[in-house]
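This briefing covers charged pairs and the nonpolar core in a predicted model. The points are grouped by topic.

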Amino acid sequence: MTLLYEHHYEIAVAAASPIDFDLLTEINSIIYDSVRKDYAIAVSWQDAGIRREWGIVTEIDHINEKIKLLRDDGSWWIPVNQLLQVERV
């Protein structure tokens, strides 16, 4: 049984492909909407494996190119260049 607050971590079997411009535009739109409208998103990114978490984006660090994903049980600084997928929850 999977609980909502469990952390999902999968081992990557291949390197992530680069994100095309249209997908990057959609990802940016979803992230900025999460900040402005305060709703949750699910984010997948390349780490030692593929990580997937959900939460609300509370901060965007333009200098270090990271976003802060916040949830009641934790927070994560996610590098934008390692994003694989972002979707509304």
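**Salt bridges and core**

Glu-53 and Arg-71 form a salt bridge, with their closest N and O atoms 3.2 Å apart. This pair links distant parts of the chain, since Glu-53 is in strand E3 and Arg-71 in strand E4, 18 residues apart. Through shared partners, salt bridges join Asp-47, Arg-51, Glu-53, Arg-71 and Asp-73 into one network.

**The network**

- Arg-71 counts as buried because its relative accessibility is 8%, under the 20% cut-off.
- Glu-53 is also buried, at 1% relative accessibility.
- A salt bridge joins the side chains of Arg-51 and Glu-53, at 3.1 Å from N to O.
- Arg-51 has a relative accessible area of 15% and is buried.

**Another pair**

- Arg-52 makes a salt bridge with Glu-87, and the closest N and O atoms are 2.4 Å apart.
- Because Arg-52 lies in strand E3 (residues 50-61) and Glu-87 in strand E6, the pair ties together parts 35 residues apart in sequence.
- Arg-52 is partly exposed at 30% relative accessibility, and Glu-87 is partly exposed at 28%.
- Over the whole structure, a search finds eight salt bridges.

**Nonpolar core**

- The largest nonpolar core has 13 residues, and those with the most contacts inside it include Ile-31, Ile-41, Leu-69 and Ile-78.
- At least two residues of this core come from each of helix H1 (21-37) and strands E2 (41-46), E4 (66-71), E5 (74-79) and E6 (83-88).
- Leaving out residues up to four places away in sequence, Ile-78 touches Val-43, Trp-45, Glu-65, Lys-66, Ile-67, Leu-69 and Leu-83.

Notes: Residues are numbered from 1 along each chain as its sequence is written. This is a predicted model: local features need pLDDT of at least 70, side-chain atom pairs count only at pLDDT 80 or more; totals for chains, interfaces and linings use all residues. Side-chain values use heavy atoms; hydrogens and water are left out. A nonpolar core is a set of buried Ala, Val, Leu, Ile, Met, Phe, Trp, Tyr and Cys residues joined through side-chain atoms within 4.5 Å. Buried means under 20% relative accessible area, exposed over 50%, partly exposed in between (1.4 Å probe, protein chains only). Helices (H or I, at least four residues) and strands (E, at least two) are DSSP runs, numbered from the N terminus. Contact means heavy atoms within 4.5 Å. A salt bridge is a side-chain nitrogen of Lys or Arg within 4 Å of a carboxyl oxygen of Asp or Glu.
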